[in-house]
Amino acid sequence: MNQSRYWLLKSEPKSFSIDDLAACPEQTTQWDGVRNYQARNYLRDQMQPGDLGFFYHSNCKQPSIVGIVEICSAGYPDPTAFDPESPYFDPKSRIERPRWFMVDVRLVEKFSHPLPLKRLQQYRKELEGLTLLQRGHRLSVMPVAPEHWRFILSLTEKP
DNA sequence: GCCAACGTTGGC
DNA sequence: GCCAACGTTGGC
């Protein structure tokens, strides 16, 4: 049995919020549209069903971790890359040789109190190495170390 | 809305 | 293979 991993998935609430996920059938959606190679590699090579991830709202008034999702598929080719009608269309991704990948994601929990980035930044020491806190980072899919995962969860218990 | 930081592109 | 130009991300 493989060790499960922890992740952080960013989304702009203007385009897809945690409430949008909650409204999906089975509270499950395809995490499509990721167009960054490093993030792609995580999706394609490392995510496994059963992994957990934080759902993060970015590029909004109060950037925050707003809940938890479960990864419920392995990585598989992102069909939006093949669809000329899609905003995520990429002609260089061929069906025979897909360039972009995605996973399915299910809502596990929406926090009653979101955890603002501002608050996380108060724990530089405890969260040292967390990609989210690194200057200028732009990854929309990133791993979270187990000790960071646990620490962040503990913050939600004392809002 | 601003702008720094970043990843990608393409000319050379 | 370098690197300037460009478009995008995302906090503020």
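Reply: The residues of the surface near DNA strand C divide into four nonpolar, three polar and two charged. The model is a predicted one, in which local features need pLDDT of at least 70 and side-chain atom pairs count only at pLDDT 80 or more, while totals for chains, interfaces and linings use all residues; side-chain values use heavy atoms, with hydrogens and water left out. Residues are numbered from 1 along each chain as its sequence is written, and chains are lettered from A and ligands numbered from 1 in the order in which they are written.

Me: What makes the pairing of K10 with DNA strand C a polar contact?

Reply: A polar contact is a pair of N or O atoms within 3.5 Å (within protein, one must be able to donate a hydrogen and the other to accept it, and residues adjacent in sequence count only if both atoms are side-chain atoms). A polar side-chain atom of K10 lies 2.4 Å from a phosphate oxygen of DNA strand C, so the pair qualifies.

Me: Which residues surround DNA strand B?

Reply: Y37, K92, R135, G136 and R138 surround DNA strand B, and by class they are one nonpolar, one polar and three charged. R135 has a polar side-chain atom 2.4 Å from a phosphate oxygen of DNA strand B.

Me: Why is T131 called buried?

Reply: Buried means under 20% relative accessible area (exposed is over 50%, partly exposed in between, with a 1.4 Å probe and protein chains only); T131 has 19%, so it is buried. T131 lies in the loop between α3 (117–120) and β8 (141–143), and, leaving aside neighbours within four places in sequence, is in contact (heavy atoms within 4.5 Å) with H137 and M142.

Me: What makes a set of residues a nonpolar core, and which members of the largest one touch the most others?

Reply: A nonpolar core is a set of buried Ala, Val, Leu, Ile, Met, Phe, Trp, Tyr and Cys residues joined through side-chain atoms within 4.5 Å. Of the 39 residues in the largest one, F54, I65, L120 and V141 touch the most other members. Strand β4 (residues 64–71) gives the largest share, five residues. Not counting residues up to four places away in sequence, L120 touches I65, L115, L127, L132, L133, I152 and L155.

Me: How many helices and strands has chain A, and why is the chain called as compact as a globular protein of its length?

Reply: Chain A has four helices and eight strands, counted as DSSP runs numbered from the N terminus (helices H or I, at least four residues; strands E, at least two). The radius of gyration, taken over C-alpha atoms, is set against a globule rule of 2.2 Å times the number of residues to the power 0.38; chain A has 16 Å, close to the 15 Å that the rule gives for 159 residues, so it is as compact as a globular protein of that length.

Key: Ala, Val, Leu, Ile, Met, Phe, Trp, Tyr, Cys and Pro count as nonpolar, Asp, Glu, Lys and Arg as charged, and the others, Gly among them, as polar. A residue is near a molecule or strand if one of its heavy atoms lies within 4 Å of it.
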